[in-house]
Amino acid sequence: MTVSSGSPGWYLRRLSRMGPREAAGRVGDVVRRRRWRSAPPDCPGVTGARFTAVLPAGAIAAVPPDAAKRLVAEADRLLDGHATYFGVDRDDLADPDWWYDPKTGRRAPWGHAFDVPYRNEDAVGDIKQIWELSRHQYLTVLAAAYALTGDERYAERVAGHLRSWWAVNPPLRGVHWISGIELGIRLLSWVWIRRLLDGWPGAAGLFEDNPAARNQIWHHQRWLAAFPSRGSSANNHVIAEAAGQLAAACAFGWFPSSARWRADALRSLERHLRGNTFPSGLNRELATEYHGLVLELGLAAVAEADAAGVPVPATVRLVLLRMTDALAAIVDGRLRPPRQGDADDGHGLVVDGAGTDRWASLLATGEAVFGRLAWWPAVTGTDVRTPLLTALIRPYPKNGSAPAVTRPASRPAHFADAGMTILRGPAEMAEIWCRCDAGPHGFLSIAAHAHADALSVEVRHDGVDVLADPGTFCYHGQPEWRQYFRSTLGHNTLGLDDGDQSVSGGPFLWTRHAHSRVLAVDTSGERVARWCAEHNGYQPSVHRRRVELDAARRELRVVDEVRGPRRAVRLAFHLGPAIAADLVGNRAVLTWTRDGEDRSAVLDLPGQLCWRAHRGETGPPLGWYSAGFGRKEPATTLVGTGFADGAAGFTTVLGFRG
């Protein structure tokens, strides 16, 4: 069943997931919004505003030449008016329409921000397409190109676009004053734009000496102080809000409320970074891209505080340290992390060109700030962001306020609190990497970015997706695709009676959560690693799965058991887009190419089930892979159907030939 957001039923389901404190806070928000419908107040007068949060001498010179070359190439493409967002090519960026959605051709309506029905694609367009450009992260790229080259064309384009945006998006009017995460990220972008334009003669006139800029900065911070994400919505959004507020209050601390905003934002950042992160360092949303987003935002926030001389609680750096070590632990041999949960290509700070590896960049920054451990994977490639950020952040070992912390002596494989286990074969023989999932069903009561993927596995061979997590593809506007990509059928796990393990109440709402538990883990052996877990999402039945990776035999064995009454079963294995499959009966021969070499594997599937291959089907969706938000491509999915009566398990064996 497809469930839309914004309907009366959805509001009732959403309300049911709130506690009394959150409900009271949201009532307060409603009252405040009504008061705010009158003309917004004027920005307080400011005299003598100065921008002092500049980069230290030598920071720009430390940018590696190849990273600088990629950045300038990207900036030149932007100067020509071209960019790609979520699979849609744009050629109108020389003079953009800030409210236009190029995917649907629609334009968001004018009106008070609180009246814009942003979840309704028919009325507004694809809200992600509209919002993305106004995060102004492409302007940070142009500003960085100016800082690296001194070419004033980049600075002038930035100035023109900012003046245009400020003129047509007055406070509380239109689609760009709806969501706190957008305001927070936009403020962070503006701070870095001003920093990177320092030295350009027009920089002060664009920002601190410009009443329009000061008015926008003040109203952004006033909005964030009044309407924080709260309760069951206090996920990555509240981190972005706090990071943007802290950055602006530090770098643009020109207003009577700046000190209060700065202190409140720092408290919020500290509280919610801890709340959003397991003690192991993994993000509680169990959506890997949001781990990256939160880590980027946290590092950027600390950079602003350090640049302003604002003391940062030691717990903030400790959480970021643990997040960095956790990321180093879970990536495969090609530095690719799991493809778990939702992913929307969101970034905290963008100053790099196309072709820069996001995860290598984060690990490079972590190495510079916290120091690498002996078991960390080698970080390859270069980026612009690391030398700029680390020029502002005080290195962790030199921070006298840092608490004593014990970091992992060897590479962690099992994260008990997050329910994630990584099984690995030896990297010297083309690494076999397997993620096993038995964690909580997302974060907080709505689990907004969770998928119904309990006990799913994700398998790679030398970095190539063999048994793949299909991804996310979309959020709003295409409910049948949103439903598919977050469904149980859309993952490498077992389903019963054609249903999902957890019950969806909307595109970002789960009303009943499957509960998983790990029964056994052994990753200590050099040859064989084992994992076993179960979940109760199909009560009264219990699905139990055992996974064994035999590195010597280069073989992965998966055994599924259903304990309970006889029920219809559906077992799915999603192959990566590079994998060709020849299915005969219950055996599939898999072939692909990696770095010019032919590779192959044999997938022996449970003989008790009837197997079919599906690829690129649309009625209903089945057999798709989404490499990034807004993009999808056909890929083969093998689906076995039959019945489970508790008499025997279903055994799948994946054997690699090279």
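**Close-up 1. An open sheet of eight strands, paired antiparallel, in a predicted model.** Follow the strands across and you will meet them in the order β11-β12-β13-β14-β25-β18-β17-β16. From one strand to the next, the twist averages 15 degrees. At the edges stand β11 (516-522) and β16 (580-584); each has a single partner strand, so one side of each is left without a neighbour in the sheet. As a reminder, strands of a sheet pair through backbone hydrogen bonds, either parallel or antiparallel.

**Close-up 2. Strand β14 beside strand β25.** Here we step inside the sheet, where β14 (residues 555-563) and β25 (residues 650-656) run antiparallel and are joined by six bridges. A handy landmark is Arg-557, which stands opposite Val-653 in β25.

**Close-up 3. Pro-426 in the loop between β4 and β5.** Beyond its neighbours within four places in sequence, Pro-426 touches Glu-431 and Ala-551. Look also for Arg-527: this residue lies 101 residues away along the chain, yet its C-alpha is separated from that of Pro-426 by 8.9 Å.

Close-up 4. Helix α8 (residues 180-196) has 17 residues and spans 24 Å from its first C-alpha to its last, close to the 24 Å expected. On the α8 side, the contact includes Gly-180, Gly-184, Leu-187 and Val-191; facing them from α11 are residues including Ala-240, Gly-244, Ala-247 and Ala-251. By class, this contact has nine nonpolar, six polar and one charged residues. An α-helix has 3.6 residues a turn, so residues three or four places apart point the same way.

**Close-up 5. Helix α6 and its covering.** Helix α6 (residues 137-149) has 13 residues and reaches 19 Å between its first and last C-alpha, close to the 18 Å expected. Which of its residues are buried? They run from Gln-137 through Tyr-146, making 10 of the 13. Their cover includes α3 (65-79), β1 (83-85), α5 (127-133), α7 (152-168) and α8. Just after α6 comes Gly-150, with a positive phi of about 75 degrees.

Definitions and conventions. Residues numbered from 1 in each chain as written. Predicted model: local features only at pLDDT ≥ 70, side-chain atom pairs only at ≥ 80, totals over all residues. Heavy atoms only, no water. Helix = DSSP H or I, 4+ residues; strand = E, 2+ residues; numbered from the N terminus. Expected span 1.5 Å × (residues − 1). Pairing = 2+ DSSP bridges. Axes fitted to C-alpha atoms, helices over the stretch in contact; angles between N-to-C directions. Contact = heavy atoms within 4.5 Å. Nonpolar A, V, L, I, M, F, W, Y, C, P; charged D, E, K, R; others polar. Buried < 20%, exposed > 50% of the residue type's maximum accessible area, 1.4 Å probe, protein only.
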